Amino acid sequence: MELAQTYRIETERLVIRCYQPGDAYMMHAAVTGSLPHLRPWIPWARQEPKELDWMISFIRMFRGQFDLGQDAVYGIFDKTETEQIGGTGLHNRIGKDAREIGYWINVKHVNKGYATEAVRALLRVAFAIERLARVEIRCDPENVFSRRIPQRLGFRLETTLRNNSTDGDGEPADTMVWALSKREYNVAGGEEIALRAFDLMGRSIEL
């Protein structure tokens, strides 16, 4: 099964789309301005800050993986696409017909419901367009704000992996594994969020 027919998603407040090289400026500003906020929870943020040229290469890698069906990493932007609000993805790392949703938010835009809105949109895309059977969200138990999203959206806590990761200080940390199946999503009425989805050519995808 190829990953990610959906290159662009538009919700009420957000544009969620595949990265383009020109996004490096916005991503660099969003990440470097949010490092104290991101580092305790996100391993890649502990390697920042990176130079702009490195960020350009990083975004080119994201786009290449997207086009090849290897991974689907999205930027989250405001409706004018002049500021990056965060990032998300339908990550291809947990098995056939299943994806993991990750997310981060620019510290300037926390507590506005953007992460929940983005995850709700990706869930609809995952089950209605990409025809997945299962979606997971993984987070540190101490990350209360991140944990609230799967709780709010009807995921079930399947397990907690003990000491399988590290925290911002390099100490062992646990990982909660939240899961949602297509059947559970449909029963919960998860298709309520209004969105528009588009393919590589900018053509509308029927939902």
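Trainee: Which strands does helix α1 lie across in this predicted model?

Mentor: Helix α1, residues 24–32, lies across β2, β3, β4 and β5. Its direction is at about 100° to β4.

Trainee: What makes that "lying across" a matter of contact?

Mentor: Contact means heavy atoms within 4.5 Å. The helix is described against β2, β3, β4 and β5 on that basis.

Trainee: Which strand is the reference for the angle of helix α4?

Mentor: That strand is β5, and α4 (residues 114–129) runs at about 160° to it. Angles run from 0 to 180 degrees between N-to-C directions. Among the strands that α4 lies across are β6, β8 and β9.

Trainee: Why is β4 called mostly covered?

Mentor: Buried means under 20% relative accessible area. In β4, residues 84–91, eight of its eight residues are buried. The label follows from that count.

Trainee: What makes β3 largely enclosed by the rest of the structure?

Mentor: Seven of its seven residues are buried, so the rest of the structure largely encloses β3. Ala 72, Tyr 74, Ile 76 and Asp 78 point one way. Val 73, Gly 75 and Phe 77 point the other way, and all are buried.

Trainee: Which residue of β5 is the bridge partner of Leu 90?

Mentor: Ile 101 is that partner. β4 and β5 pair in the antiparallel sense over six bridges.

Trainee: How many bridges join β1 to β2?

Mentor: Three bridges join them, against a requirement of at least two, so they count as paired. They run antiparallel. Arg 8 has Arg 17 as its bridge partner in β2. Strand β2 is also joined to β3, by five bridges.

Trainee: Which turn residues have a positive phi in the two hairpins?

Mentor: In the hairpin of β3 and β4, with five residues between the strands, Glu 81 takes a positive phi near 60°. Between β4 and β5 there are six residues, and Gly 95 in that turn has a positive phi of about 115°.

Trainee: What is the strand order of the open sheet?

Mentor: The 10 strands run β7-β8-β6-β5-β4-β3-β2-β1-β9-β10, with mixed pairing.

Trainee: Why is one side of β7 and of β10 left without a neighbour in the sheet?

Mentor: Both stand at the edges, and each has a single partner strand, so one side of each has no neighbour in the sheet.

Methods
Residues are numbered from 1 along each chain as its sequence is written. This is a predicted model: local features need pLDDT of at least 70, side-chain atom pairs count only at pLDDT 80 or more; totals for chains, interfaces and linings use all residues. Side-chain values use heavy atoms; hydrogens and water are left out. Buried means under 20% relative accessible area, exposed over 50%, partly exposed in between (1.4 Å probe, protein chains only). Helices (H or I, at least four residues) and strands (E, at least two) are DSSP runs, numbered from the N terminus.
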